[in-house]
Structures are given as C-alpha cells and as structure tokens.
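Welcome, and thanks for taking a look. Please open the model beside this report and follow along through its charged pairs, strands and helices.

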Amino acid sequence: MSDINPATSPSRPLGIDVPWFDFELHYGLSSRSVKEVLDEILEDLTTYTPIHNWDNKLTIKPLDKLAGEVRSYISKQDFNFNTLLRFTRVEEVWAWDGTNHVRPAIQQAVDVGSHLFFSKQVKRPSGTDNPSPPNPPKDITPSHPSEVNAPSEDSNPSNHSQGRIVYITERDSHLNRAILLLLYPFCNRLQYEDCGYISSFIERHLDLRCFLRKPYHWQQASGPELDSSRQKCYKRVTISCHIAYLKLDINAPDNDKEIVDRIYLSPVVWGPAINDSELPSLLKASSSILFTLVVPEESESHQEEISLLRNPQALWTVLVVNSLQKFAVDYRREEHVTPVAQFLRGITSSLCTQRMNARHIHDFLGEQLKSSDNNSLFDDENFTKSTLYHSSIQACDELETSISSSLRFMRGIRAGYLAKLCHEANSSERLGIDHWLQKMEEETLELEDMQARVHALSSQVREMRNALNGVTSVLEARVAVQQGNRMKTLGYLATLYLPLTATSALYSMSVLPTSASFASFFIVLAIFILLTIIGLNLSALLALFATVTPRSRKKTPGPIEGNLMSKLPPWMENYIRFYMNVFDNSNELSLKDSFNLPVTGREWLTLPIYLAVYVTRILPALAMRRWLLPEILYPRYKWLLFLYRHNRYVTIKYHPILFVTDFIRFTLIPAWVVLALCIVCYFPILDMLIGILILIPSTLIKAFS
C-alpha cells in the first residue's frame, strides 16, 4: 500500500515550498495508507451517535447501506487503491494574483497522498521561469541553491487560492464506485468538521434524480451528536448538482441489478433463449457535481459564506462523480481553471455523460432492430420481433422521459441560479465561465437532438409493430376462413351421414314391429334424406315463399272489415266487440262501454236485468282482463325488463323482497291459466243458456198465438 505522506517522496521537482493556508485535514493526520483512511471514515460513520436516533431505527439511510457494502467488501478481499487510479483524475490548481497553474495530483508513483488531500506546500512546476509570487512569506527560506525567485515578506496570502479538480469516471464496478464515492468527498473534511454537507451530497447522489442544491442561509449540518467536538463549523459554501440518466449495462451480473448507486429498470431483449447473465440491462444512474469553497477558520454564525463565490480566495474543490474520460483531461487553457468555471465544466460533463449513454442505447437498439430484419413481415415461433419491438418501445419511452426531465431541469437552472452565479462571479473567471457556458449550450442542443432521434426511433418501432400486428391479423383471418371451410366440409359430411345414422338407430330399436323389412329401411332412409334436404334449404324456401306471397303484417281494420261489422245486427256487433275487449289488453276502454245502463223513464224497471248481466258477464270479463291476463303474462313482463337492464335511460333496481313475490306469482301461474280457461268456457255456456231461455218463451208464444 502506498504511503500518503507527501514528505516521504524521494525527490522534489525544482521549485519552492510555500504554505498558503493554515489548515489541517481530518483524515490526513494519523493515517498513513489509503486503507487506513477508508477504515477511519467507516469508523466515524459507525460511531456517529446522534441524540435523536429514532428515525435511524425505522429506516436505513442510503449512506449507511453504502458504508456497509464497502465495509463488507474490503473485509473479504485485499484492497488495492492503485487499481482505482485508472478510473480517477485529480488535478491541483494554484492561483497567484489571477494566474492559474495546474498539475496532476500525483507527481510520483509513491505519492498517493496528494491524490486524496490538499497539498500543504506549493511546488513550483518544473520548466517555468517565474511561476511563484515574487515575495514569499517571511518564515520560508530557500531549501535549495537554485531557488532564486523567493517570495518577499510583503506577500499577501489572501490573494491566492488553491483548488482540486476530481473526476471519477463511470466505467468501474459498483463496489469500486462505492469506495471512491466515500473516499474523495470525506477527504475534503477539515479537522473535526461537521460532515453534514458530505453526507447530504452522497445521499442526493444515491437518490438518482435531477436536483440542484443552492447555498442556503445556514450550512448543512448533521444532527446533534453526543460528542459535539467532532462538529466544528468552518467558513464554507457548498453547491451540488445532480443529473439522472439512463445507462445500458451489457452482460451485467445478477448482483449488479440491486446496487446502491443504480436502479435496475428493465432488460433489453433482442433474441430468444438468452441467459439472464448475458441479458443487457437498462439502469438508472446519476452524475453529481460537488462544488465547495472553505476558509480554514471556524464560523460562529454557521452561515453559508456566499461571498466566497464572488471572491474565491479559499480552498475550493470540484468533485464530479460518473463522468466521461475525455472531460477528466479536457480543461482547455489554464485561464479556464477557476472555481465557478470548473463547476460549469462538471455540469457540462454530466450532460455529455447522459448524451453519450443515450446514444449508446439508441445505437444498440438500432443495431438489434437491423439484425432482426429478415425481409419478412411475419414473426417466428419464439415471437422474437414482438418481444424486440415491445422492449425497444419501452426503452425509448424511458430514455425520452429521462432526457426530457434533464432538459427541463437544465432550462430551469440555466435561466435561474446559474445565470445569477455567473453574473456575480469574480471578473477573473469570466473567460472560463463564457467558455463552459458555450459548451453547456452546445451539449444541451446536442441532447435535444438526441431526444429527437430517440423519438424518431420510437415512432419507427411503433410503425413496425403496427405493421406486424396488421399482418398477423390478416394471417389469423385467413386461417379462420380456412378453418371455416374445413368445418363446412365436415358439416356436409355429417349431414350426409345423418339420415343413415337416424335410420339405423330407428331400425335398431326393439320396439320395431316384426313386419318391417329390409326394403322398408331404404324407404325410410329416402324419407329422412328428403327431410334433411328440405331442412338444409329451409331458409332458401322461406325466401322464395316470401317473394311469391305477400308479406303478412299487422294492420288496422280496413274498409272491408268495417263494412262487415256494419252489416251485422247491433247485438251481434256488441257481442263480438265484447269478446275482443276481453282478450285485448292494449285497449284502454272500459268493458261497461259495451252496455248502456238505463238512466230514465221505464228503463229503470229493467235495472235488475242489467245488474244480473253485469255480475254474470262484465265482472268475469273484468277479472279476466285486469287480473288474470297480467298474471299470466308476468313472465313476458320480466323478460322485457331483463332486456332493458343495460339501458342508460331506464333505471332498473332489484330488491330481495321482490324475489319472494316473484316466486309466489310464478308458482300461481298454472292456477290462473286454469281459471282463465274456465272463464273462457263459461261465456259460451252462459250465452247458450241465455239463448235457450229467450228461445223457449218466444216459441211458446208463437205456438199459442
């Protein structure tokens, strides 16, 4: 393991060592190796004992889960920090009166400590004539004869600043990313400083959503701890930006689908029978930028030092998590290496990371669609095209949603806080700010173009899926027609065998008379064949009969019927109308209208006769019409209600009590039918008796006269 103490370097480049800020880092005091630093960070997270800890008992914080995975990982296998250097890029920046000097953090292989912590000594880069300020502090003496350009006693350290630019690329395993995510942010912690801003940054990064944390009136702080000596507050201001994006992870193992800093969304399937271990997965990740400036002096007010953004004479850090490799080394000119400009550079790198991953997903889906195109509109037996189209549309929708969310987020912060931050920044940062604002605008436009390409691909895949569904529907219709023709053929065969089967079944019965002969079998078979032919052509015969004969229809009585009724005697007409009214339930006229009761003169003497007629004829007719016929036709009424059960203009409700009444009424229908038949038979018998009573007196009168 490499030693992190910079004093152990075997040699130093040509230059002077100038201490600018009097500060002590929390994890750079006693630790001598990277593993010791990481163990100390994990121990601090474990021994953190807040006064109010009931929330920690209910839910597990993402930071605690991340620390648990890192602790389990480094305890099971040897940890080698040198393997992680391939995925990180750290630059140190010094500013002398507006002049920036940049160098890699590691000058020698054994000097890994400068890769994690701020250097407490400024080293003049080799090959420069006068990069250092002209006047050094009075307590510094040259340590080498060649150090001729020493600072004078009038040097003002407030005119200087020192910064670190840390880029962590995304191409690494999730356990190594977890180690780097813990290691680099916590290495910015000053001695016994409250690490609330670090914990909040890591938890927002693990939240996987677009978010901008702007400086507030008060600094972010952890909950009150039992030991308050580890919660010092320095003059610090912190900004963090988080942009969520989608990433295609090909050949991702199963244990990577449930990781802390990424969310497994859905697999992208392009062929049948693919192993789960080889299944490309669509993941959601986040690219985060931490921008912090600090003056190593304790703050009594615990306020955010927003003035440092306008005058960055402090220790500043820009940490970018999940960046592309090209942005880790693409800082352009040294005039652009200023705090706010590098923060804009980090946001630009996050947009570029999202765009490159979106293009990777877009190209991957395009290649799979192209490889599945076999110049055929039909799908195979494994439904490869249907599965590919479905997963491609789902991936395009999720990708377009992610890009749209990032673009809305960028438009909001670009016109809001970033415009204010750039306007109030120091004038020495104007070149770098203008440069990276232009790059940010270019990345935004390219991301919008990428969104349009994803939308076009989604529309293309939808059209292909619609064409596949249309062709499949036509194919299914053709198959259905073929099956219908086959069933028709089977029906004809069954029809041909039906007369023979019926005749054989008839002659196989034991009740058949003994006189039935073999010749009669063919006669019966011929009759059954004739009936079968007539039954098969019954519809055609009915249609032919309808064209030859006029259609029967219900119509009102015509002039012929009216003339016939007028030729009958009045008593016969009344008699016929009486029977018509008895059975015509649709007629609303009363039955008493057929009989004119006496009202004046001698006609009152015949009132008993009319009353007898009313009791013997009209009352049974009324019972028949108003009571028996509705009860007999009650099933028909229920059937009509059943037909209107889904009509939105008719409200039909059911009550359990009606079930009992309906059951009783249905049970009594046979009795009402018998009673109605009795009444129907009663009227002709009564008419016959009345006729006999009228005919006998008239006959006797004629005989004696």
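## Terms and ground rules

A residue is called buried when its relative accessible area is under 20%, exposed when it is over 50%, and partly exposed in between, with a 1.4 Å probe and protein chains only. This is a predicted model, in which local features need pLDDT of at least 70 and side-chain atom pairs count only at pLDDT 80 or more, while totals for chains, interfaces and linings use all residues. Residues are numbered from 1 along each chain as its sequence is written, and side-chain values use heavy atoms, with hydrogens and water left out.

Helices (H or I, at least four residues) and strands (E, at least two) are DSSP runs, numbered from the N terminus.

## Salt bridges

Side chains of opposite charge can pair when their charged atoms come close. Here a salt bridge means a side-chain nitrogen of Lys or Arg within 4 Å of a carboxyl oxygen of Asp or Glu, and the structure holds 21 of them. One of these joins Lys-232 and Glu-298 at 3.8 Å, N to O. That pair links distant parts of the chain, 66 residues apart: Lys-232 is in the loop between strand E6 (211-213) and E7, and Glu-298 in strand E9 (residues 281-298). Lys-232 is partly exposed, at 29% relative accessible area, and Glu-298 is partly exposed too, at 48%.

Arg-236 and Glu-193 form another salt bridge, at 2.7 Å, N to O. Arg-236 belongs to strand E7 (residues 234-249) and Glu-193 to the loop between helix H4 (174-186) and helix H5 (196-207), so their contact ties together parts 43 residues apart in sequence. Both Arg-236 and Glu-193 are buried. A local example is Lys-35 with Asp-39, at 3.2 Å, N to O; these two are four residues apart in helix H1 (residues 34-47), which means a separation of about one helical turn.

## Strand E7 and its partners

Of the 16 residues of E7, 15 are buried, so this strand is largely enclosed by the rest of the structure. Strands count as paired if DSSP finds at least two bridges between them. E7 runs antiparallel to E9, with 16 bridges joining them, and Ile-243 has Ser-287 in E9 as its bridge partner. E6 and E7 also pair in the antiparallel sense, over three bridges, with Phe-211 opposite His-242 in E7.
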